[in-house]
Amino acid sequence: MRSAKDFFAPLAVGAPAPVRDIPARPSRAIHFFDPSNPKMAAKVPGMVGTVDVLLGNLEDAVKADNKVAAREGLVKIAQETEFGPTQLWTRINALDSPWVLDDLTTLVPEIGHKLDVIMVPKVQGAEDIHYVDRLLAQLEAKAGLERPILVHAILETARGVANIEEICGASPRMQGLSLGPADLAADRRMKTTRVGGGHPGYLVRQDPVDGNIEGERATYQQDLWHYTIARMVDACAMHGIYPYYGPFGDIADVVACEDQFRNAFLLGCVGTWSLHPKQIEIAKRVFSPSVEDIKHARRVVAAMGDGTGAVMLDGKMEDDASLKQCLVLVELAEQLAAIDPELKKQYDAIEVSE
Ligand code: GLV
Ligand code: MG
């Protein structure tokens, strides 16, 4: 057993003190780039300020022959780029791979002062986070880092889903969780072949009219990821960390991508991955509260005075609980306005009526 008091003690002598709260830094789109791809790498400095998070991917989608080039490419990009308000994250290789130890022992000393979050794929349980937690503390101490690097787990195994609460609470470094629908589908033996998104076969059908099963009956496609995302949202909220949707592989289908992102946003996610510049714009739009929602939320805040009791607005009852929902949106709008001047202009122009 470990004393609760020790939870916030550094795991290595000289390592920075663990954080007590995970800062609510906007991260609507986590844009993945392959640092071993010179064309992609060259675009990174120009993307600073256009996206909330730039993530150098070292894991899947980077060929085995390119693993070293990706790691070295990321070091070079990070050293040469001033990231300003844009966060720098990386996705390291899986903990059972031959590359991950070199990923961590290279990245932390070389660019640890610039890395905000390390995404760990295929996390199975709290033991995976404990391993990374201690190793990071040792490397941070050795490198003389002044702030701890945060850890983000990708949920992409059935065991990871079963252990979700323990994973989220395994370390004060835990920043959030992303859904890894492609690996999760394979691990669960789902019968899909896509990277995220829905499937036309996963549906419900209207009852037969007058017993005619062959007659016209509407069907409604269902969300394959609803259960997992809902679990992620609860586990993250319980531990004060942040849930994210993950990859949407059908880059051309910007409409379905937007729907998938919006479902995640409405359920409680704060952001998503972007695999193509097109998806950055979608994510920024979807994961920013609309002007209409902020207008309504501010109206409720104004009408509710000290925050207790109930008022009627447009025939609808508002009370302490609907006020709390409105405050979630208003706070998010403030955080986003602080880093997004265009959004700030839109929110500032809102006039709240009685
Ligand atoms: C992402 O890594 C996925 O497996 O979907
Ligand atoms: Mg994966």
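In the predicted model, a polar side-chain atom of Arg91 lies 3.0 Å from an oxygen atom of ligand 1, a polar contact being a pair of N or O atoms within 3.5 Å, where within protein one must be able to donate a hydrogen and the other to accept it, and residues adjacent in sequence count only if both atoms are side-chain atoms. Backbone atoms also approach the ligand: an oxygen atom of ligand 1 is 2.7 Å from a polar backbone atom of Ala182, and an oxygen atom of ligand 1 is 2.9 Å from a polar backbone atom of Asp183. Taken alone, ligand 1 exposes 190 Å², of which the protein buries 93%; accessible areas come from the Shrake-Rupley method with a 1.4 Å probe, and for residues only the protein chains shown count as cover. The residues around ligand 1 are Arg91, Glu156, Gly180, Pro181, Ala182, Asp183, Pro247 and Trp273, a residue being counted if one of its heavy atoms lies within 4 Å of the molecule. Helix H7 gives the most to this shell, with three residues.

Local features need pLDDT of at least 70 in this predicted model and side-chain atom pairs count only at pLDDT 80 or more, whereas totals for chains, interfaces and linings use all residues. Side-chain values use heavy atoms, with hydrogens and water left out, residues are numbered from 1 along each chain as its sequence is written, and chains are lettered from A and ligands numbered from 1 in the order in which they are written.

The magnesium ion (ligand 2) has Glu156 (OE) and Asp183 (OD) as its protein donors, lying 2.1 to 2.2 Å from the ion; donors are N, O and S atoms within 2.8 Å of the metal (3.2 Å for Na, K and Ca), and since water is not among the atoms, sites may look incomplete. Glu156 lies in the loop between strand S5 (150-155) and helix H5 (158-162) and Asp183 in helix H7 (residues 181-188), so the pair ties together parts that are 27 residues apart in sequence. Helices (H or I, at least four residues) and strands (E, at least two) are DSSP runs, numbered from the N terminus. Glu156 is buried, with a relative accessible area of 4%, whereas Asp183 is partly exposed at 24%; buried means under 20% relative accessible area, exposed over 50%, and partly exposed in between (1.4 Å probe, protein chains only).

The structure holds 19 salt bridges, each defined as a side-chain nitrogen of Lys or Arg within 4 Å of a carboxyl oxygen of Asp or Glu. Arg173 and Asp133 form one of them, at 2.6 Å from N to O, and this pair links distant parts of the chain, with Arg173 in the loop between helix H6 (164-168) and strand S6 (174-179) and Asp133 in helix H4, 40 residues apart. Both Arg173 and Asp133 are buried. Salt bridges that share partners join Glu59, Asp60, Arg91, Lys122 and Asp183 into one network.

Arg159 lies in helix H5 and Glu127 in helix H4 (residues 126-143), so the pair ties together parts that are 32 residues apart in sequence. Both side chains belong to partly exposed residues, with relative accessible areas of 42% for Arg159 and 40% for Glu127. Glu80 is exposed at 59%, and Lys76 is partly exposed at 48%.

Ser27, in the segment before S1, is buried at 3% relative accessibility. Not counting residues up to four places away in sequence, Ser27 touches Asp52, Val53, Gln87, Tyr244, Val270, Gly271 and Thr272, contact meaning heavy atoms within 4.5 Å, and a polar contact of 2.6 Å joins the side chains of Ser27 and Tyr244. The buried residues of helix H10 (residues 277-286) are Gln279, Ile280, Ile282, Ala283, Lys284 and Val286, and their cover includes strand S1 (29-33), helix H1 (38-47), helix H9 (254-267) and strand S10 (272-274).
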